[in-house]
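Here is a short report on a single chain.

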Amino acid sequence: MREKMVRFMQGRYGVDSLSKFLLVCGLVVVFGAAFFDNLFISSICNVFGWVIIICCYFRLFSRNVTKRYAENQAFLTKTYRIRCFFHRQKEMLKQRRVYHIYRCPGCKQKIRIPRGKGKIEVRCPKCGATFIKKS
């Protein structure tokens with residue numbers, strides 16, 4: 001069965017970031033349509049969600065690889081800032097377990113201080129200002 005699927009997918013585009021995004025959006029719209037009381041709005045949301053899901057599967061099984069690749073690259077360039085923002089927030093959450101993160105009162109530069117060192121004098125590497133913080 002797996003070999004048949006592999007043979008079927010040869011020459012086809014497959015899954016990428018845009019396809020995953022379209023599938024999630026389509027499912028959210030379809031399941032979100034159940035929460036509308038108005039039957040007209042619910043049915044329009046339902047149809048719209050299924051159209052998005054069908055577009056996702058069209059991209060998945062498409063043989064026009066260059067065009068799908070270009071679409072995915074355009075999507076990735078448009079969402080670059082958003083993805084970087086969430087990546088930075090995730091990294092900051094990881095660092096907060098080990099470090100305190102303070103802002104310099106002079107230049108507002110973020111400074112990492114290791115936890116558990118008591119009260120220490122911090123010197124800003126950017127402007128040279130010193131201040132005392134608890135680590």
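Aspartate 16 sits in the loop between helix 1 and helix 2. The model is a predicted one. Aspartate 16 has a relative accessible area of 7%, so this residue counts as buried. Beyond its neighbours within four places in sequence, aspartate 16 is in contact with Arg59, Arg68 and Asn72.

Take Arg59 next. Arginine 59 belongs to helix 3. Is arginine 59 buried or exposed? Its relative accessible area is 4%, so arginine 59 is buried. The side chain of arginine 59 makes a polar contact with the side chain of aspartate 16, at 2.5 Å. Setting aside residues up to four places away in sequence, arginine 59 touches Tyr13, Gly14, Asp16, Leu18, Ser19, Leu22, Arg68, Glu71 and Asn72.

Asparagine 72 is the other partner to follow. Asparagine 72 is part of helix 4. With 7% relative accessibility, asparagine 72 counts as buried because the cut-off for buried is under 20%. Apart from neighbours within four places in sequence, asparagine 72 contacts Tyr13, Asp16, Ser17, Leu18 and Arg59. Aspartate 16 has both Arg59 and Asn72 among its contacts, and asparagine 72 has Arg59 among its own.

**Helix 3**

Helix 3 covers residues 39-61. How many residues does helix 3 have, and what should they span? There are 23 residues, which at 1.5 Å a residue should span 33 Å. The end C-alpha atoms of helix 3 are 33 Å apart, so the two values agree. At the start of helix 3, a side-chain oxygen of asparagine 38 comes to within 3.1 Å of the backbone nitrogen of phenylalanine 40.

Several residues of helix 3 are buried: Ser42, Cys45, Gly49, Ile52, Ile53, Cys56, Arg59 and Leu60. An α-helix has 3.6 residues a turn, so residues three or four places apart point the same way. Which elements cover the buried residues of helix 3? The cover includes helix 1, helix 2 and helix 4.

**Helix 1, helix 2 and helix 4**

Helix 1 runs over 2-9. Of its 8 residues, the number buried is 0, so helix 1 lies largely in the open. Just after helix 1, glycine 11 has a positive phi of about 85°.

Helix 2 (residues 17-32) and helix 4 (residues 65-78) have axes that come within 8 Å and cross at roughly 75°. Helix 2 is therefore roughly perpendicular to helix 4. Helix 2 contributes Ser17, Leu18 and Phe21 to the contact, and helix 4 contributes Glu71, Asn72, Phe75 and Leu76. By type, the residues of this contact are 4 nonpolar, 2 polar and 1 charged. Asn72 of helix 4 belongs to this contact and also touches Asp16.

**Strands and loops**

The C-alpha atoms of asparagine 72 and arginine 112 are 40 residues apart along the chain and separated by 36 Å. Strand 2 covers 110-114 and strand 3 covers 119-123. The loop between them holds lysine 117. Lysine 108 lies in the loop between strand 1 (99-103) and strand 2. The phi of lysine 108 is near 65°, a positive value in a residue other than glycine. Glutamine 109 is in the loop between strand 1 and strand 2. Lysine 126 is in the loop between strand 3 and strand 4 (130-134).

| Residue | Relative accessibility | State |
|---|---|---|
| Lysine 108 | 52% | exposed |
| Glutamine 109 | 30% | partly exposed |
| Lysine 117 | 55% | exposed |
| Lysine 126 | 59% | exposed |

What does lysine 126 contact? Leaving aside neighbours within four places in sequence, lysine 126 is in contact with Cys107 and Gln109. Glutamine 109 touches Tyr102, Arg103, Cys104, Cys124 and Lys126, again not counting residues up to four places away in sequence.

Lysine 126 and glycine 106 are 20 residues apart in sequence and 9.6 Å apart in space. Lysine 117 and serine 135 are 18 residues apart in sequence and 5.5 Å apart in space. Glutamine 109 and methionine 1 are 108 residues apart in sequence and 57 Å apart in space.

Definitions and conventions. Residues are numbered from 1 along each chain as its sequence is written. This is a predicted model: local features need pLDDT of at least 70, side-chain atom pairs count only at pLDDT 80 or more; totals for chains, interfaces and linings use all residues. Side-chain values use heavy atoms; hydrogens and water are left out. Helices (H or I, at least four residues) and strands (E, at least two) are DSSP runs, numbered from the N terminus. Buried means under 20% relative accessible area, exposed over 50%, partly exposed in between (1.4 Å probe, protein chains only). Axes are lines fitted to C-alpha atoms, for helices over the stretch in contact, and angles run from 0 to 180 degrees between N-to-C directions. Angles under 35 degrees count as roughly parallel, over 145 as roughly antiparallel, 65 to 115 as roughly perpendicular and the rest as oblique. Contact means heavy atoms within 4.5 Å. Ala, Val, Leu, Ile, Met, Phe, Trp, Tyr, Cys and Pro count as nonpolar, Asp, Glu, Lys and Arg as charged, and the others, Gly among them, as polar. The expected span of a helix is 1.5 Å times one less than its number of residues. A polar contact is a pair of N or O atoms within 3.5 Å; within protein, one must be able to donate a hydrogen and the other to accept it, and residues adjacent in sequence count only if both atoms are side-chain atoms.
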